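Here are a few exercises to work through with the model open beside you. Try each task before reading its solution.

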Amino acid sequence: MISIVIPTLNRPGELIRLLKKIRNSETDSDLEVIIVDDSKEDISNAVGKIIKSGIYYIHRGEKLGVSSARNAGAEVAKGEFLIFLDDDDDFTEDWLSDFHKEARDGADLVFCDMKRVESNGNKRIEKSIVDKNGKLIKSILIPGAWMLRKELFFEIGGYDEKLKYAENTELFIRLQQVDLCVKRIPKANFIYYPSEDGGSKNLMNMINSLSWILQKQESQLSPHVKYLYHQIIGVNYMRFQDFPNSRMHLLKAYLIKMYKLDTLGRLVISCIPPIARILYPAKP
């Protein structure tokens, strides 16, 4: 059985649309849908009218975070495999049936290709890379483009509920420390629309989450990733006009890649607050 876990918050229209799409997909009874709703309003009746069986609706009534919601859904899941979806996601008619086929074929982690559709209409196909021995070389981190064995999800500890940004990145850092059998479906079955108001738009979420990942996964991160994270944190601190923390992180980034003159330039700017305030305006 496959369990689809859908966290949602104050978007009943999007959720209903997604549930209708799942209902109309070619599936068998070997499927359950788990909704974890942090909205204040309980819409269990509307949900039950769309999918009458194989559905589990959890109404929490307060915003507890997407990582917490995904973990809560996984806790009650009966399926051998987990797929996490957001309520504004989309997929092709083969998405679920192809995952079902791979679920019966012994893999621990299964990817499909992903079509990314930007708000300006630009589209591109993104692919994971799996070698001939079933080892993961490059992964698509967006949930909906992958299916994971539930036992393995709990073995690595599920989602880190401290994270409000890059929670999928951190999950895959832990996944890549485990011996996995990985398979790829070479079809762009999953369709992703980047959110205009998601966690990546909240600069403080980025600061807190990347700082925690640097602390938690220090031994697993490459110098390049550490460089990127410190630079992102440093620039975001500058936008909050927290220049001491900005300088600290930009200096750490520069010491990792001392040939990066743009990083040196940002470090110098952070030392001159009047200029920094002009070039990196404060966030409200």
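**Exercise 1: contacts and fold**

Residues 24 or more positions apart make up 70% of the protein's contacts (heavy atoms within 4.5 Å) that have a separation of 6 or more. This is a predicted model, where local features need pLDDT of at least 70, side-chain atom pairs count only at pLDDT 80 or more, and totals for chains, interfaces and linings use all residues. Residues are numbered from 1 along each chain as its sequence is written, and side-chain values use heavy atoms, with hydrogens and water left out.

**Exercise 2: a ring pair**

Task: classify the pair formed by the rings of F84 and F153.

Solution:
1. Rings of Phe, Tyr and Trp (its six-membered ring) pair if their centres lie within 6.5 Å; planes under 30 degrees apart are stacked, over 60 edge-to-face, and the rest tilted.
2. By this rule there are nine aromatic pairs.
3. For F84 and F153, the centres are 5.4 Å apart and the planes stand at 45 degrees, so this pair is tilted.
4. The partners are 69 residues apart, with F84 in strand 4 (residues 81-84) and F153 in helix 5 (residues 150-155); helices (H or I, at least four residues) and strands (E, at least two) are DSSP runs, numbered from the N terminus.

**Exercise 3: buried or exposed?**

Task: decide whether F84 is buried or exposed.

Solution:
1. Buried means under 20% relative accessible area, exposed over 50%, and partly exposed in between (1.4 Å probe, protein chains only).
2. F84 has 0% relative accessibility, so F84 is buried.
3. F153, also at 0%, counts as buried.
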